[in-house]
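Hi,

Here is the structure I promised to pass on. Have a look at it first, and then read on for what turned up when I went through it.

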Amino acid sequence: MSPRKDKRTYFMVSNGYVNSPKIVKVGGDAGWLDLCAIDYCSTSTTDGFLPKNIVPRLSDRTDPLALASRLLAVGRW
């Protein structure tokens, strides 16, 4: 068996993610930040840990820290 050439990591998002109650409540911009954070944690192999200083770099949406607060408030993060 040949070794796997593609060394990228992957994460799965279930169907219905965009219509899940928590994502609907926080809105699309926060939902995008959530996906960017999942990607960061997967790529960095942080086991879900996300340093606060990374949050502004994850998304070009307005005020990523406020979006992160929304995700915290609904229990997504």
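When I say that residues pack against or touch something, I mean that heavy atoms lie within 4.5 Å. Please keep in mind that this is a predicted model.

Let's start with helix 4, which runs over residues 64-73. Its buried residues are Pro 64, Leu 67, Ala 68 and Leu 71. Looking down the axis of helix 4, you'll see those buried residues within an arc of 105°, so they line one face of the helix. The background is simple: an α-helix has 3.6 residues a turn, so residues three or four places apart point the same way. What does that buried side of helix 4 pack against? The partners are helix 1, helix 2 and helix 3. On the face turned away from the buried side, helix 4 carries Leu 72 and Ala 73, which are exposed. After the helix comes Gly 75, with a positive phi near 85°.

Now for the core. The largest nonpolar core has 17 residues, and the ones with the most contacts inside it are Val 26, Leu 33, Tyr 40, Leu 50 and Leu 58. Two or more residues each come from helix 1 (21-26), helix 2, helix 3 (55-58) and helix 4. Helix 2 gives the most, with six residues.

Helix 2 (residues 28-44) is worth a stop of its own, and Ser 42 sits in it. Is Ser 42 buried or exposed? Ser 42 counts as buried because its relative accessibility is 17%, and the cut-off for buried is under 20%. Beyond its neighbours within four places in sequence, Ser 42 is in contact with Thr 9, Tyr 10 and Phe 11. Ile 38 is in helix 2 too, but at 27% relative accessibility Ile 38 counts as partly exposed. Outside its sequence neighbours within four places, Ile 38 contacts Phe 11 and Arg 76.

That brings me to the charged pairs. How many salt bridges does a search of the whole structure find? The search turns up three.

- Asp 34 and Arg 76 meet through their side chains at 2.7 Å, N to O. This pair links distant parts of the chain, with Asp 34 in helix 2 and Arg 76 in the segment after helix 4, 42 residues apart. Asp 34 is buried, with a relative accessible area of 2%, while Arg 76 is partly exposed at 35%.
- Arg 61 and Asp 29 meet at 3.0 Å, N to O. Here too the chain parts are distant: Arg 61 is in the loop between helix 3 and helix 4, and Asp 29 is in helix 2, 32 residues apart. Arg 61 is partly exposed at 31% relative accessibility, and Asp 29 is partly exposed at 37%.
- Asp 60 bridges to Arg 61, with the closest N and O atoms 3.5 Å apart. Asp 60 counts as exposed at 66% relative accessibility. Through shared partners, Asp 29, Asp 60 and Arg 61 are joined into one network.

Cheers

Terms used. Residues are numbered from 1 along each chain as its sequence is written. This is a predicted model: local features need pLDDT of at least 70, side-chain atom pairs count only at pLDDT 80 or more; totals for chains, interfaces and linings use all residues. Side-chain values use heavy atoms; hydrogens and water are left out. Helices (H or I, at least four residues) and strands (E, at least two) are DSSP runs, numbered from the N terminus. Buried means under 20% relative accessible area, exposed over 50%, partly exposed in between (1.4 Å probe, protein chains only). A nonpolar core is a set of buried Ala, Val, Leu, Ile, Met, Phe, Trp, Tyr and Cys residues joined through side-chain atoms within 4.5 Å. The arc is that of the directions from the helix axis to the C-beta atoms. A salt bridge is a side-chain nitrogen of Lys or Arg within 4 Å of a carboxyl oxygen of Asp or Glu.
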